[in-house]
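Colleague: Please take a close look at one helix packing in this model. Then place it in the rest of the chain.

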Amino acid sequence: MTDALVKTPWHIWLIGVIAVLFNSIGVFDFVMSMAQGAEYQARAGMTPDQIAHYQEMPGWMTIVGAFLASILLLLRRKLALPAFLLSLVAFLISLLYTYVLTDGGAVMGQQMAITSAVIAGLLVFFSWYSRFMEVRGVLR
């Protein structure tokens, strides 16, 4: 099938915009954490122990890739799928670090566990949706 024959479904715009907006939160948080560090994190409601845990995480775990994947989805690019999958894997590794390799689960609390489950679920959904659009020939 050629690109000319594949009509862009309306829902790709809906899902893409939701993905961009949701992942913009992560970009904002990353930029503010890098620019203002502990001051920003404290204003965001993090405790000193949570700030310390977050700052001890390896730097590569805080890179925001899902935002790029969201843009790629809106641009109907096949690279959206591997970008979402890479983001999911990196996020799962950060969860492994937080909940298995360190005492981060106790430090971060139940609210962060719920937030992490929502983020993981959305990354799985966005990955599935990208694959679905790729199979239908919408992504090029």
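Modeller: H1 and H4 run roughly antiparallel to each other, because their angle of about 160 degrees lies over the 145-degree cut-off. This is a predicted model. H1 covers residues 10–36, and H4 covers residues 66–74. Their axes lie 8 Å apart. The crossing of this pair is left-handed.

Now the residues. On the H1 side, the contact is made by Ile12, Trp13, Ile15, Gly16, Val17, Ala19, Val20, Asn23, Ser24 and Val27. On the H4 side, the partners are Ala66, Phe67, Ser70, Ile71, Leu73 and Leu74. By class, the contact of H1 with H4 holds twelve nonpolar and four polar residues. No charged residue takes part in it.

H4 has another neighbour, H5, which spans residues 80–101. The axes of H4 and H5 come within 8 Å and cross at roughly 160 degrees. That angle makes H4 roughly antiparallel to H5. H4 passes H5 in a left-handed crossing. H4 brings Ala66, Ala69, Ser70, Leu72 and Leu73 to this contact. H5 answers with Ala80, Ala83, Phe84 and Ser87. Seven of these residues are nonpolar and two are polar. None is charged.

Elsewhere, H3 (residues 48–56) packs with H6 (residues 104–135). Their angle is about 115 degrees, and their axes are 9 Å apart. This crossing, too, is left-handed. Asp49, Gln50 and His53 of H3 meet Gly104, Val107 and Met108 of H6. The contact of H3 with H6 has two nonpolar residues, three polar ones and one charged one.

Now the whole chain. It has six helices and zero strands. Along the sequence the pattern reads α-α-α-α-α-α. The C-alpha trace spans about 55 × 30 × 25 Å along its principal axes. Of the 140 residues, 36% are buried. The chain exposes about 8200 Å², and carbon and sulfur atoms supply 71% of that area. Among contacts between residues at least 6 apart in sequence, 72% join residues at least 24 apart.

Definitions and conventions. Residues numbered from 1 in each chain as written. Predicted model: local features only at pLDDT ≥ 70, side-chain atom pairs only at ≥ 80, totals over all residues. Heavy atoms only, no water. Axes fitted to C-alpha atoms, helices over the stretch in contact; angles between N-to-C directions. Helix = DSSP H or I, 4+ residues; strand = E, 2+ residues; numbered from the N terminus. Left-handed = near helix turned anticlockwise from the far one by under 90°. Contact = heavy atoms within 4.5 Å. Nonpolar A, V, L, I, M, F, W, Y, C, P; charged D, E, K, R; others polar. Buried < 20%, exposed > 50% of the residue type's maximum accessible area, 1.4 Å probe, protein only. Areas by Shrake-Rupley, 256 points an atom, 1.4 Å probe, with all protein chains shown as cover. Parallel < 35°, antiparallel > 145°, perpendicular 65-115°, else oblique.
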